[in-house]
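User: Please take me through this model by question and answer. Keep it brisk.

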Amino acid sequence: MTALDRIVADVRARLARRMTEVGMAELLARAEARGPLDPAAAVDALRGDGGVRVIAEVKRVSPALGSLAPIADPGALAAWYAEGGAAAISVLTEPDHFGGSLVDLATVRSRVSVPVLRKDFIVHRYQVAEAAAHGADLILLIVAALAQEDLVELLAEAAGHGLAALVEAHSADEVARAVDAGAQVVGVNNRDLATLRVDPGTFERLAGAIPAGVVRVAESGIRGPDDVRAAAAAGADAVLVGSVLVTSGTPAAAVAELVSAGRTGVRDGH
């Protein structure tokens with residue numbers, strides 16, 4: 001069993017329990033109370049016009065690196081990220097392997113005006129409704145964790161809630177599946193979720209397979225400005241950064257440094 005298989009199995013077991021505690025009708029009512037959402041606005045926030053955008057992540061634990069930071073106040077951390085120029089905030093909501101929660105998601109939503117991504121292992125429409133009910137503007141869908149028909153259905157479910165989707169791939173086949181499903185935002189994860197190993201060249205190899213007009217996001221292995229400039233050179237519209245920001249000690253300044261690097265990369269012709 002791979003690392004991804006173990007995580008998804010735990011997610012499914014926990015999901016079955018949650019579905020008996022909070023009904024779909026209650027989630028839909030909470031989501032409806034937010035009013036209409038504009039998924040196109042969330043997608044446009046990640047487009048790299050004028051510079052590579054930074055999606056800054058609230059993450060306490062990494063299965064590959066262990067405990068990163070306690071993050072007693074995820075809302076305050078997200079506010080610092082936004083102050084530093086983050087285009088969006090990613091919030092880990094998976095508790096067993098990443099130390100996150102839906103409470104973190106709702107807390108972050110209450111503190112920032114930029115789009116918020118629910119980052120989790122979403123395998124069921126119930127989780128999409130949870131994301132909408134707790135303040136997300138985008139959800140993460142991992143191609144490797146889903147059959148193609150499920151990927152298509154979850155993209156449609158997200159659109160029905162007014163949510164955009166970041167569809168994550170790690171291979172040429174997975175990029176093709178994401179594009180075939182109609183993804184408007186495709187993330188290439190430099191980390192292999194089966195082994196948890198990072199290959200920084202993965203995005204560069206696969207970015208060209210993502211059609212023009214689809215937002216390209218480089219994920220994992222972004223450790224500093226040089227990595228942002230490399231992602232810009234490879235065609236990234238945005239980078240998703242977690243570990244280096246939560247351990248920086250100065251999150252607003254750390255984000256600002258990456259944002260500046262993204263602008264420089266584009267200005268230099270990358």
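This is a predicted model: local features need pLDDT of at least 70, side-chain atom pairs count only at pLDDT 80 or more; totals for chains, interfaces and linings use all residues.

User: In what order do the strands of the closed barrel run?

Analyst: Helices (H or I, at least four residues) and strands (E, at least two) are DSSP runs, numbered from the N terminus. Two strands pair if DSSP finds at least two bridges between them. The barrel has 8 strands with parallel pairing, in the order E1-E4-E5-E6-E7-E8-E9-E10.

User: Which residue of E4 stands opposite Val58?

Analyst: Strand E1 covers residues 53–58 and strand E4 residues 88–92. They pair in the parallel sense over 4 bridges. Opposite Val58 stands Val91.

User: Which buried residues does H8 have, and within what arc do they fall?

Analyst: Buried means under 20% relative accessible area, exposed over 50%, and partly exposed in between (1.4 Å probe, protein chains only). In H8, Leu151, Leu154, Leu155 and Ala158 are buried. They line one face of the helix, because seen down its axis (directions from the axis to the C-beta atoms) they fall within an arc of 105°.

User: Which residues are exposed on the other side of H8?

Analyst: The buried residues of H8 pack against helix H7, strand E6, strand E7 and helix H9, where contact means heavy atoms within 4.5 Å. On the other side, the exposed residues are Glu149, Glu153 and Gly160.

User: What kind of aromatic pair do Phe98 and Phe121 form?

Analyst: Rings of Phe, Tyr and Trp (its six-membered ring) pair if their centres lie within 6.5 Å; planes under 30 degrees apart count as stacked, over 60 as edge-to-face and the rest as tilted. A search of the whole structure finds 1 aromatic pair. The centres of Phe98 and Phe121 are 5.8 Å apart and their planes stand at 35°, so the pair is tilted.

User: How many residues apart in sequence are the parts this pair ties together?

Analyst: Phe98 counts as buried at 12% relative accessibility, and Phe121 counts as buried at 7%. Phe98 lies in helix H5, and Phe121 in the loop between E5 and H7. The pair therefore ties together parts whose separation in sequence is 23 residues.

User: Is Ser220 buried or exposed?

Analyst: Ser220 lies in the loop between strand E9 and helix H11. Beyond four places away in sequence, Ser220 touches Asn189, Asn190, Arg191 and Leu240. Its relative accessible area is 18%, so Ser220 is buried.

User: Which glycine with a positive phi follows H11?

Analyst: In H11, Pro225, Asp227, Val228, Ala231 and Ala232 are buried. They fall within an arc of 160° seen down the axis, so they line one face. The helix is followed by a residue with phi near 105°, Gly235.

User: What is the relative accessible area of Leu46?

Analyst: Leu46 lies in the loop between helix H3 and E1. Among the residues Leu46 touches are Ile55, Leu138, Val185 and Val215. Leu46 is buried, with a relative accessible area of 2%.

Technical notes
Residues are numbered from 1 along each chain as its sequence is written. Side-chain values use heavy atoms; hydrogens and water are left out.
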